[in-house]
Amino acid sequence: MKRIVVLGSTGSIGTNALEVIKNAEGKFKVVALSGHKNHKLLLEQIREFTPECVAVGTEEGYKEIKAEFPNMRVYLGDEGLKELAMLKDYDILLTAVSGAVGIEATVEGIKNSKRIALANKETMVAAGSYINRLLTEYPKSEIIPVDSEHSAIFQSLLGGKKKEVEKIIITASGGTFRGKKKEELEKVKVEDALKHPNWSMGKKITIDSSSLVNKGLEVIEAHELFGVDYDHIDVLVHPQSVIHSMVQFKDKAVIAQLGAPDMKLPIQYAFTYPKRESNPVFETLDFMKMSTLTFEKVDNETFKGVELAYRAGRTGKSMPAVFNAANEVAVELFMKGKIGFLTIYEIIEGAMDRHEPVEINSVETVKTVDGETRNWVYTEYGK
């Protein structure tokens, strides 16, 4: 039985992970859970999965959990994520929290020589070079990606050797606004951006999918996870979301991973790798119900998220951290109605233009760059 710490258990990935665990016939045991604001759901999860300790993001949640479970270790705030990652008696750390807050917990999990089931894009985007150095220092630790695209790449790469790879092809659904032009996006509302055609995800990642910034983050993450140069990473719009990503090898063979648009399979694969095991929650892909699989080029003129990510990635050093932080604040401001949808790109580009890149050699450096970027965005656009 594998013992698992779930960071972000009340979010989309976290709830899917708990469904996988619940239906896996005793293969997994929840050791710890963390939730941010939704402490009511966290309480339900505690009752069902009986973890040894938890972390919660609000004082109200802390008080309610301690009142019902007075003997349980309960941590408050972001520091609690680190505390859970530093626990000794577990096997896998699922980092399913959204944003740069997940970086420190991942670092502690690596230092703790644990498997990291990574569902937090920002870790490799903002601190990829530092994380990769840590993985060489702590060789017993490993990262298995949970994100559907990177899980697909990870699985497809098993079909050949790294030196045989010609390019990675990351697929994108195209998001809510696929096919629309810039002038059509000038007055879109938050509720419009949240209507994803294929995936059920959290609000922030759904907005990122609509802007294609999510795909840009995935480009940077793929570079850091798999050591493939940006010139050999392509993005292709695939509206059906059946092919989750592909790897083209030097002999022109292309190996792809297909599956229903459901996060449960990549979550469990990160738990069980290198084994594949059944689970009743998995949906079978019915080829008879698929009439077509189609592909399109990314409209970079309208959706600037991918090209801005390539620029940040190729610049390197701290620029990807700026790209990520500026986007996080921009999405927050958009969801609060303070900026328009297209202003997200303006904010990212402005933050990158003003930044002088520095080497990322610690979590503290990431925090400094992240904080400075956020402060600039709030000052310029958050009034």
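1. The UniProt annotation "binding site", which comes from an unreviewed entry, covers Lys121, Ser148, Glu149, Ser173, His196, Ser209, Asn214, Lys215 and Glu218. UniProt positions are given in the numbering used here, feature names are shortened, and annotations may be inferred rather than shown by experiment.

2. This is a predicted model, in which local features need pLDDT of at least 70 and side-chain atom pairs count only at pLDDT 80 or more, while totals for chains, interfaces and linings use all residues. Residues are numbered from 1 along each chain as its sequence is written, and side-chain values use heavy atoms, with hydrogens and water left out.

3. Among the annotated positions, Ser209 lies in helix α9 (helices, H or I, of at least four residues, are DSSP runs numbered from the N terminus). Ser209 counts as buried, at 11% relative accessibility. Here buried means under 20% relative accessible area, exposed over 50%, and partly exposed in between, with a 1.4 Å probe and protein chains only.

4. A network of salt bridges links Lys121, Asp147, Glu149, Lys215 and Glu218. A salt bridge is a side-chain nitrogen of Lys or Arg within 4 Å of a carboxyl oxygen of Asp or Glu. The annotation covers, among others, Lys121, Glu149, Lys215 and Glu218.

5. How many salt bridges does the structure hold? The count is 29. Side chains of opposite charge can pair when their charged atoms come close.

6. Because Lys367 lies in helix α15 (residues 363–381) and Glu104 in helix α5 (residues 102–111), the pair ties together parts that are 263 residues apart in sequence. Lys367 is partly exposed, with a relative accessible area of 43%, whereas Glu104 is buried, at 16%.

7. The side chains of Lys204 and Glu122 also form a salt bridge, at 3.4 Å from N to O. This pair links distant parts of the chain, with Lys204 in helix α9 (residues 203–211) and Glu122 in helix α6 (residues 121–137), 82 residues apart. Lys204 counts as buried at 15% relative accessibility, and Glu122 counts as buried at 5%.

Conventions:
Helix = DSSP H or I, 4+ residues; strand = E, 2+ residues; numbered from the N terminus.
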